[in-house]
Amino acid sequence: MTMHLDELATKVGEELGVTGWISVEQDRVDLFADATGDHQWIHVDAEKAASGPFGATIAHGYLTLSMMPIFLGPFMEFDGVAMSLNYGVDKVRFPHPVRVGSKVRARVSVVSVEEKPQGILLTMGCVVEIDGVDKPACVAQPLALLVRG
């Protein structure tokens, strides 16, 4: 989906789309644990986690959040943009753990569009769903500064 930057304001409150499913496997979780130093057993010890509260290892909440570029990428191509910069994330919550071996996808919407001297500050809504689970894994509002060019 490609639209011109100036069309974004007409999309406030609308869902832009849903991504494909992505499998969350133990190797991704282990690499994230190594990168962050968070080696808590619920993430990396499959044997202990099998008898733990979730019945298996689970992804770090911040791993799910770190997948935002994967989820948002297909919706971040705009004509009239020289570059987009990560500006932060608002209202992040992790309502349900992601068990290793699960598949996740995201529903992406436009929350707000604000003109700034450097470009447009885009606030998106991102609800990360888990295949077969009613509650989302993550609900967040990523922000991007879209620099005109």
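Mentor: Let us begin with pockets: on a 1 Å grid over the protein atoms alone, a pocket is an open set of points with protein on both sides within 12 Å along at least five of seven lines, whereas a cavity is a set of points where a 1.4 Å probe fits but cannot get out. Lining residues have an atom within 4 Å of a point. Of its 16 lining residues, Met 68, Pro 69, Leu 72, Asn 86 and Pro 142 are the closest to the centre.

Mentor: Please note that this is a predicted model, in which local features need pLDDT of at least 70, side-chain atom pairs count only at pLDDT 80 or more, and totals for chains, interfaces and linings use all residues. Residues are numbered from 1 along each chain as its sequence is written, and side-chain values use heavy atoms, with hydrogens and water left out.

Trainee: Which element supplies the largest share of the lining of the largest pocket?

Mentor: Strand E5 does, with 5 residues. Helices (H or I, at least four residues) and strands (E, at least two) are DSSP runs, numbered from the N terminus.

Trainee: Why is Glu 129 called buried, and why is Tyr 62 called exposed?

Mentor: Buried means under 20% relative accessible area, exposed over 50%, and partly exposed in between (1.4 Å probe, protein chains only). Glu 129 has 17%, so the residue is buried. Tyr 62 has 59% and is therefore exposed.

Trainee: What makes the contact of Arg 105 with Glu 129 a salt bridge?

Mentor: A salt bridge is a side-chain nitrogen of Lys or Arg within 4 Å of a carboxyl oxygen of Asp or Glu. For Arg 105 and Glu 129, the N to O distance is 2.7 Å, so the pair qualifies. Arg 105 lies in strand E6 and Glu 129 in strand E7, so the pair ties together parts that are 24 residues apart in sequence.

Trainee: Why is the pair of Tyr 62 and Phe 94 called edge-to-face?

Mentor: Rings of Phe, Tyr and Trp (its six-membered ring) pair if their centres lie within 6.5 Å; planes under 30 degrees apart count as stacked, over 60 as edge-to-face and the rest as tilted. Here the centres are 5.9 Å apart and the planes stand at 85 degrees, so the pair is edge-to-face.

Trainee: What makes a set of residues a nonpolar core?

Mentor: The members are buried Ala, Val, Leu, Ile, Met, Phe, Trp, Tyr and Cys residues joined through side-chain atoms within 4.5 Å. The largest such core has 34 residues, and those with the most contacts inside it are Met 68, Phe 71, Val 104 and Val 128. Strand E7 gives the most to this core, with 6 residues.
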